[in-house]
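Here is a short note for a colleague who is opening this structure for the first time. Please keep the sequence and the model side by side while reading.

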Amino acid sequence: MRNVSLAHSIDTLRDIARRRLPQAIFDYFDGGADDEFTLNGNRSAFDSTWIVPRALVDVSSVSLACELVGGAASMPLAIAPTGGIGFGRKGADIDIARAAVAAGIPYTLSSSATASIEQIAEEAPGRLWFQAYMLRDKAWQAHLIERALAAGYEALVITVDLPVGGKRERDFRNHLSFPIHFTPRNLFDFAMHPCWAYGLLRHGLPVAENLRGMRPPEPDVARITPTLGRMCDPSFDWHALQVIRDTWPRTLIVKGILHAADAERVCELGAQAVVVSNHGGRQLDGALPALRALPAVVRAVRGRIPVLVDGGVRRGTDILKARALGAQGVLTGRAALWGAMADGQDGATHALAILRSELERAMQLSGVRAVADISPALLHGNANDIAIDGCSACLPPKH
Ligand SMILES: Cc1cc2nc3c(=O)[nH]c(=O)nc-3n(C[C@H](O)[C@H](O)[C@H](O)COP(=O)(O)O)c2cc1C
C-alpha cells in the first residue's frame with residue numbers, strides 16, 4: 001500500500017486498514033462488547049482530559065527515554081497482546097514485534113497469537129513479554145509458560161479480565177469464527193477484498209500457533225469469543241495466581257485490573273507491575289474507562305510497583321495524559337495493529353513513529369523536557385486527585 005508513509009495519524013492508518021480488510025475481520029479488530037460503551041469510553045476519557053501547558057521552558061531538546069517495568073525503553077509505550085491478528089495479514093505478529101524492537105519498546109506476545117513463542121524470540125530479539133490466559137487445560141498452560149521461560153521472555157503477563165468471553169456483537173452479526181466458517185455473506189465480503197483474499201489463498205489459513213495441539217474446547221462455529229472464553233478457566237482466582245507467582249521466576253505483570261482493591265492485592269501477591277485495562281472494551285461493557293480507573297489504582301499501589309494503562313491510546317497526547325495521571329507507561333493494541341494491517345512491518349513502524357513524534361511534540365508544547373517531569377500538575381483539575389508522592393511513574397519498580 002503506497003500511501004501508508006503519508007498517513008499522519010493512527011486514525012488514517014485505521015482507515016487504510018479498513019479498506020484492505022473484509023468487514024468481518026476489521027470488525028473483529030475494531031469492535032467491543034455489547035453496546036461498545038466501554039470501547040468508546042476509553043477514547044472519550046482521553047478526549048475529556050485537558051492539558052494545562054507550561055510556557056517559556058527551553059524545550060529545544062527533550063528526552064522520551066524512560067524506565068518501563070524494570071528495563072529501559074525509548075518511550076513510555078509497550079505493545080499490548082493481540083490474538084488472531086494473522087487473519088488480517090500473514091506475519092502480522094512478527095511485523096509488530098520487529099517494529100517494537102526497532103523502536104526500542106517492549107513487545108507482548110498473545111497466547112492466542114498467530115506466531116509461536118519461539119518464532120518471535122528468534123525473529124525479534126528484544127524486550128519480550130509473554131501474555132497467558134488462564135486455560136482450563138492446566139498442563140498446556142504450564143507448557144506455554146515453560147516455553148516462554150526457555151525462549152528468554154523477560155516477563156509473564158497474566159490477563160485476568162477474561163474468565164469468559166465478552167459478548168462481541170459485531171462478530172456475532174458477521175458469523176466470525178476461527179477457523180473461518182464460510183457463509184455466502186462472508187465469501188462475498190472476502191471476494192470484495194482481493195488483496196486480503198490473495199494473501200489467504202497464497203499462505204493458507206493462519207492458526208493460533210501456541211494453542212496448536214491443545215485439547216480443543218467445544219467449538220462454537222459461529223462465534224469466536226465464546227470459543228476463546230471456553231478455553232479459559234472461569235474458576236481462576238487469587239490462589240491460582242499466587243501459584244503462578246511462586247513458580248514464574250522473572251517479572252510478573254497482571255493485566256486487566258480496574259478496581260483499587262484488586263490493585264492492592266496484586267502488590268501483596270508480589271507482582272512487578274499492574275496493567276489497568278478493560279481489554280480494549282472487548283469484555284465487560286459498562287466497565288470503567290481505563291484512564292478513569294487509573295488514579296485510584298495509582299493511589300492504592302502507592303509507588304510499590306509500576307502501573308501501566310491501556311485502552312484507547314491513539315495520540316502522543318494520550319501517552320502524556322496517562323503518564324500525568326501516574327502511569328509509568330501505556331500499552332497499545334490497535335494503534336500498532338492498524339499500522340501492520342495497512343502495510344506490514346513498515347506500517348507498524350510508522351504507527352510507532354507517529355506516536356513517538358506526537359509525544360515529543362506534546363512534551364515540547366507542554367513545557368516538559370523529560371518523561372520523568374510529566375506530572376499531575378499538567379492536567380486541568382487533576383493535580384489534587386492523585387497522591388503525587390505515590391505516583392508510580394516517579395518511583396523505580398521493586399523486585
Ligand atoms: C484484536 C485484538 C486481540 C486482542 N487479544 C488479546 C489477547 O490475546 N490477550 C490479551 O490480554 N488482550 C488482548 N487484547 C486486548 C489488548 O491487549 C489491549 O488490552 C487493548 O487492545 C487495548 O486497547 P486499544 O486497542 O484501544 O489500545 C486484544 C485486543 C484486540 C483489539
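The numbered points below take up the ligand and then a pair of helices.

1. This is a predicted model, in which local features need pLDDT of at least 70 and side-chain atom pairs count only at pLDDT 80 or more, while totals for chains, interfaces and linings use all residues. Residues are numbered from 1 along each chain as its sequence is written, and side-chain values use heavy atoms, without hydrogens and water.

2. The ligand is surrounded by 22 residues (each with a heavy atom within 4 Å of it), and the closest include Pro-81, Thr-159 and Asp-310. By class, the shell holds four nonpolar, 13 polar and five charged residues, where Tyr and Pro are among those counted as nonpolar, Asp among the charged, and Gly among the polar.

3. Polar contacts (pairs of N or O atoms within 3.5 Å) can be followed from a polar side-chain atom of Ser-110, 2.7 Å from a ligand oxygen, to a polar side-chain atom of Tyr-133, 2.8 Å from a ligand nitrogen.

4. Helix α14 (residues 316-324) and helix α15 (residues 334-366) have axes that come within 7 Å and cross at roughly 60°.

Terms used
A polar contact is a pair of N or O atoms within 3.5 Å; within protein, one must be able to donate a hydrogen and the other to accept it, and residues adjacent in sequence count only if both atoms are side-chain atoms. Axes are lines fitted to C-alpha atoms, for helices over the stretch in contact, and angles run from 0 to 180 degrees between N-to-C directions. Helices (H or I, at least four residues) and strands (E, at least two) are DSSP runs, numbered from the N terminus.
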